[in-house]
Amino acid sequence: MTPLEYLAAALVVGGTFFGFVATVGLLRLPGLYARLHAASKSDTLGSVLAVAGVAVVLGVSTESLKLGFLLVFLLLTSPTAAHAIARSGKEQNVEPAGDVDAPWIDEEEGDA
């Protein structure tokens, strides 16, 4: 194996690891916000690492340029989608799991 292939393999393995962490977080953590945090952070990093690994394998080519655009797209849209989901949860008065203060939830209004 060449050093570039080792780098590509390390990137893909790292991406797979973070994808696994996102899946475990999604399944194990309580509540919308905790699950959203685990899924958005780890999934974005895992996807970016895996796509970067594929780009390293392909070398300098048109396909690598397309993968570069895909990386930028992932870095822009994944946090934006996570923010939109969290904002929707806030507007729907979804309470965080556990013993956490949610300053946006009015206790009197929340009981109704």
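User: Which element gives the largest share of the lining of the largest pocket?
Analyst: In this predicted model, the elements that give two or more residues to that lining are α2 (32-58) and α3 (62-91). Tyr33, Leu36, His37, Ser40, Lys41 and Thr44 are among the lining residues. Six residues come from the element with the largest share, and that element is α2.

User: How many charged residues are in the lining of the largest pocket?
Analyst: The lining includes Tyr33, Lys41, Pro79 and His83. By class, the lining has five nonpolar and four polar residues, and the charged count is one.

User: How much space lies in the largest pocket?
Analyst: Its lining also includes Ala82 and Ala86. The space in this pocket is about 150 Å³.

User: In what order do the elements of the protein chain run from the N terminus on?
Analyst: The chain has four helices. From the N terminus on, the order is α-α-α-α.

User: What percentage of the residues in the protein chain is buried?
Analyst: A residue is buried when its relative accessible area is under 20%. The chain has 112 residues. The buried share of them is 25%.

User: What share of the accessible surface belongs to carbon and sulfur atoms?
Analyst: The accessible surface of the chain comes to about 7900 Å². The part belonging to carbon and sulfur atoms is 66%.

User: What share of the contacts with a separation of 6 or more joins residues 24 or more positions apart?
Analyst: A contact here means heavy atoms within 4.5 Å. Take the contacts in the chain with a separation of 6 or more. Residues 24 or more positions apart account for 58%.

Definitions and conventions: Residues are numbered from 1 along each chain as its sequence is written. This is a predicted model: local features need pLDDT of at least 70, side-chain atom pairs count only at pLDDT 80 or more; totals for chains, interfaces and linings use all residues. Side-chain values use heavy atoms; hydrogens and water are left out. On a 1 Å grid over the protein atoms alone, a cavity is a set of points where a 1.4 Å probe fits but cannot get out, and a pocket is an open set with protein on both sides within 12 Å along at least five of seven lines; lining residues have an atom within 4 Å of a point. Grid points are joined across faces, edges and corners, and a volume is the space filled by probe spheres set on the points. Ala, Val, Leu, Ile, Met, Phe, Trp, Tyr, Cys and Pro count as nonpolar, Asp, Glu, Lys and Arg as charged, and the others, Gly among them, as polar. Buried means under 20% relative accessible area, exposed over 50%, partly exposed in between (1.4 Å probe, protein chains only). Accessible areas come from the Shrake-Rupley method with a 1.4 Å probe; for residues, only the protein chains shown count as cover.
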